[in-house]
Amino acid sequence: MFTTSFAEISVISGSIQLVLFGTIVLYPIWKTETLSYVDIGWPWGLVCIGLVTLFLGEGYSWRVWGIGALYILMGLRMGIGAIQFWLKGYIQKELPRYRYQRIRWERKGKTNIQAAMQIDALVQGLANVSYLALPAFIIASNPNPNISVFEVVGLLLWVASFILESIADKQKLGFLRRMKTEKLQNKVCEIGLWKYTRHPNYFAEWTIWNSLIIISIPSWLALRSSESLIIWVLLGLALLFVSIMMYNTLVYLTGAIPSEYYSLQKRPNYKSYTKRVNMFFPGFRNRK
């Protein structure tokens with residue numbers, strides 16, 4: 001809001017996110033007392049960021065359309081899946097990662113769960129308004145027609161990460177379908193990418209955001225001529241915060257730790273799986 005470059009687009013984007021989260025996240029949570037509706041609002045919020053960038057980005061056209069398309073693809077991949085979950089009735093039930101959030105609240109002594117759910121949803125909506133939108137806005141502001149090596153490397157990393165995340169999700173879904181067909185329950189998915197990290201989809205999602213930071217570097221450097229030194233430095237720190245916050249979210253808040261809390265209870269072989277395979281970063285299996 002204090003920048004020369006992003007004040008207007010931030011107000012417009014923030015207003016859209018407010019309407020989006022108010023209608024399809026906050027109101028359903030209030031009516032159903034189910035936090036899982038965040039899974040619909042968050043990805044479709046990314047789609048909105050992409051569309052706002054396409055219409056309001058004032059930089060080099062290929063750069064504007066490129067980053068807008070990346071955000072739309074990211075949002076649609078997760079957003080369409082969330083809609084399918086909603087149609088099948090899964091969203092209406094509390095997903096495990098949000099059940100785990102209730103355990104956190106209980107440990108902290110929180111008793112007003114309705115208020116806690118609204119605050120939690122608002123925090124995730126605020127992420128869409130602020131730091132998650134920042135790479136798109138910074139990249140779309142750069143008028144330089146020359147493409148940097150950082151942008152090429154970042155784009156290649158984004159494509160690779162997007163493909164790997166899609167493969168990981170497909171492998172897990174295929175495994176679950178096969179177990180259902182064979183009438184086997186509570187088995188550990190240890191195939192494909194799941195042999196090298198217990199959460200390849202979360203790791204790939206994290207690298208997707210890191211790739212956007214890499215793509216942002218030349219455009220952030222270009223902002224030095226139009227922004228004050230302190231604003232320019234804060235924008236750079238905010239880009240780094242994207243990586244830190246996404247890692248924290250994907251590991252501790254709604255990712256690996258909540259998922260494994262229930263997997264250890266339900267899947268007898270999961271404990272031995274944790275000893276053989278890294279939790280987040282891919283690595284060679286511990287054969288011992």
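Trp209 touches Trp42, Leu46, Tyr71, Met74, Leu132, Val242 and Met246, leaving aside residues up to four places away in sequence; contact means heavy atoms within 4.5 Å. The model is predicted, so that local features need pLDDT of at least 70 and side-chain atom pairs count only at pLDDT 80 or more, while totals for chains, interfaces and linings use all residues. Residues are numbered from 1 along each chain as its sequence is written, and side-chain values use heavy atoms, without hydrogens and water.

**Nonpolar cores**

- The largest nonpolar core comprises 43 residues, and Trp209 and Leu212 have the most contacts inside it.
- A nonpolar core is a set of buried (under 20% relative accessible area, 1.4 Å probe, protein chains only) Ala, Val, Leu, Ile, Met, Phe, Trp, Tyr and Cys residues joined through side-chain atoms within 4.5 Å.
- At least two residues of this core come from each of α2 (38–56), α3 (61–87), α6 (134–139), α7 (149–181), α8 (200–222) and α9 (229–253).
- The most is given by α9, with 9 residues.
- A second, separate core has 18 residues, among them Phe21, Val25, Leu35 and Tyr37.

**Packing of α4 and α5**

- Helices α4 (residues 96–108) and α5 (residues 113–129) pack at an angle of about 120°, and their axes lie 11 Å apart.
- The angle therefore makes α4 oblique to α5.
- The crossing of α4 past α5 is right-handed.
- Tyr98, Gln101, Arg102 and Trp105 of α4 make the contact with Ile113, Ala116, Met117, Asp120 and Gln124 of α5.
- This contact of α4 with α5 has 5 nonpolar, 2 polar and 2 charged residues.

Notes: Axes fitted to C-alpha atoms, helices over the stretch in contact; angles between N-to-C directions. Helix = DSSP H or I, 4+ residues; strand = E, 2+ residues; numbered from the N terminus. Parallel < 35°, antiparallel > 145°, perpendicular 65-115°, else oblique. Left-handed = near helix turned anticlockwise from the far one by under 90°. Nonpolar A, V, L, I, M, F, W, Y, C, P; charged D, E, K, R; others polar. Buried < 20%, exposed > 50% of the residue type's maximum accessible area, 1.4 Å probe, protein only.
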